[in-house]
Amino acid sequence: MNKINVTLDPAKPQQMLHACPAYRPSPLALHEVAGQQVWIKDETNRMGLGAFKAMGGVYAVAELLMRATGLTENDLTSDTGRAAASNVTFVCASAGNHGMAIAAGARLFGAACRIHLADTVPEDFVQRLRAKGSEVVRSGATYEESIAAAIKDAEESGAVHLADGSWPGYTEPPRLVMEGYTVIAQEMRDSFASSGQWPTHVYLQAGVGGLAGAMAYMIRANWTVQPEIIVVEPDAAPCLQQSARAGEMVTVEGPVSNMGRLDCKTPSMLAYEILSKAADRYVTISDSAALRGAEISATLGIASTPSGAAGLTALVQDLEAGTSPDMRPLVILSEGDVDDA
């Protein structure tokens with residue numbers, strides 16, 4: 001693989017998150033799917049927020065608060081730290097889970113938070129965000145329009161813009177978010193190293209690509225056995241696949257997908273940089289297939305969504321097509337059922 005020109009330091013979020021009372025490694029277990037033994041990393045209950053996003057958002061809020069206020073890690077949850085943080089407001093756009101993580105981090109450390117949501121985001125997320133103390137603003141018909149609204153908000157209000165996507169001139173906050181996600185890959189590495197059994201194929205669902213990029217970065221950096229990495233996107237939003245084909249970042253057009261957390265038409269620049277060098281294959285899945293993937297997840301006793309089970313959906317497609325008969329696959333169930341999360 002070519003050299004990846006992005007730096008993520010897994011030691012920093014590991015140290016911080018391991019000190020968090022809510023932190024626990026998420027389950028990693030073997031399940032049988034379509035006659036195949038499959039490693040499933042279950043993020044559906046991560047830190048009580050119901051999605052992997054908790055790992056990146058809480059860590060990024062803490063890091064940016066320390067930079068903005070001069071606080072140390074030990075000060076963050078003190079009365080002095082919370083008083084200093086009360087003068088800081090975080091702003092972001094979200095398809096749901098990223099906003100939950102930022103809202104949770106802001107509340108934990110005493111900062112304010114304002115989340116911009118597109119009209120397509122379910123009302124359940126609005127209520128959950130408000131329950132975390134966040135202000136919620138409906139901004140536009142699409143995720144891309146909500147991003148533009150969040151950027152404008154931060155520019156006009158002086159709030160800290162904490163997006164999970166990156167673009168030229170804006171990389172450090174989303175880099176921190178991805179750095180937080182690296183803990184997930186480290187948990188899996190520790191488990192596989194202990195058992196001596198490593199996956200041969202890893203299916204990584206992607207919206208802007210933060211999770212997929214962080215997992216691929218860690219796999220290529222420190223996993224003893226190197227698997228095939230497959231990036232999974234909705235067929236309505238294959239922005240990473242098309243960018244890889246074009247050799248540069250591109251924005252795609254398409255209808256709204258039921259994979260709401262993956263329905264992103266423009267990739268994160270950092271994720272594209274990593275995946276263009278680390279990924280082996282890109283696949284797309286339809287909305288109807290994604291619904292079936294969520295149903296299969298439910299039969300395993302894990303409630304997820306079309307977005308959260310997208311990697312599982314792509315694996316089942318491969319198994320049914322007979323394209324990978326000799327494999328030890330790994331998938332990540334990245335979010336729980338919205339109503340239950």
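A disulfide is taken here as a pair of cysteine sulfur atoms within 2.5 Å, and a search of the whole structure finds zero of them. The structure is a predicted model, in which local features need pLDDT of at least 70 and side-chain atom pairs count only at pLDDT 80 or more, while totals for chains, interfaces and linings use all residues. Residues are numbered from 1 along each chain as its sequence is written, and side-chain values use heavy atoms, with hydrogens and water left out.

Burial is judged by relative accessible area: under 20% is buried, over 50% is exposed, and anything in between is partly exposed (1.4 Å probe, protein chains only). C92, at 0% relative accessibility, is buried, and C264 is buried as well, with a relative accessible area of 4%.

Helices (H or I, at least four residues) and strands (E, at least two) are DSSP runs numbered from the N terminus, and two strands pair if DSSP finds at least two bridges between them. Strand β1 (residues 28-33) pairs with strand β2 (residues 36-42) in the antiparallel sense, over six bridges. Within this pairing, A29 stands opposite I40 of β2. The two strands form a hairpin with two residues between them, and A34 in the turn has a positive phi of about 50°.

Strand β7 (residues 201-205) has a covered setting. Five of its five residues are buried, so the strand is largely enclosed by the rest of the structure. Both faces are covered, with H201, Y203 and Q205 buried on one side and V202 and L204 buried on the other. β7 runs parallel to β8, to which five bridges join it, and Y203 stands opposite I230 in β8.

Helix α10 (residues 269-278) is mostly covered too, with eight of its ten residues buried. These are L270, A271, Y272, E273, I274, L275, K277 and A278. Contact here means heavy atoms within 4.5 Å. What do the buried residues of α10 pack against? Their partners are the helices α7 (172-195), α8 (210-222) and α9 (239-246), together with the strands β8 (228-234) and β9 (281-285).

A nonpolar core is a set of buried Ala, Val, Leu, Ile, Met, Phe, Trp, Tyr and Cys residues joined through side-chain atoms within 4.5 Å. The largest such core has 80 residues, of which L65, F90, M188, M215 and I274 touch the most other members. Helix α2 (residues 53-69) gives the most to this core, with ten residues. Leaving aside neighbours within four places in sequence, I274 is in contact with I4, V6, L8, M178, G213, A216 and Y217. A second, separate core of 24 residues includes M259, I285, A310 and L312.

Helix α7 also holds Q186, which counts as buried at 12% relative accessibility. Not counting residues up to four places away in sequence, Q186 touches Q14, M218 and N222. With N222 there is a polar contact between the side chains, at 3.2 Å. Such a contact is a pair of N or O atoms within 3.5 Å; within protein, one must be able to donate a hydrogen and the other to accept it, and residues adjacent in sequence count only if both atoms are side-chain atoms.

Aromatic rings were examined next. Rings of Phe, Tyr and Trp (its six-membered ring) pair if their centres lie within 6.5 Å; planes under 30 degrees apart count as stacked, over 60 as edge-to-face and the rest as tilted. By this rule the structure has six aromatic pairs. In one of them, W167 and Y170 have ring centres 4.8 Å apart and planes at 20°, so this pair is stacked. W167 is partly exposed, with a relative accessible area of 25%, whereas Y170 is buried at 13%. F192 and W198 make a tilted pair, 5.9 Å centre to centre with 40° between the planes.
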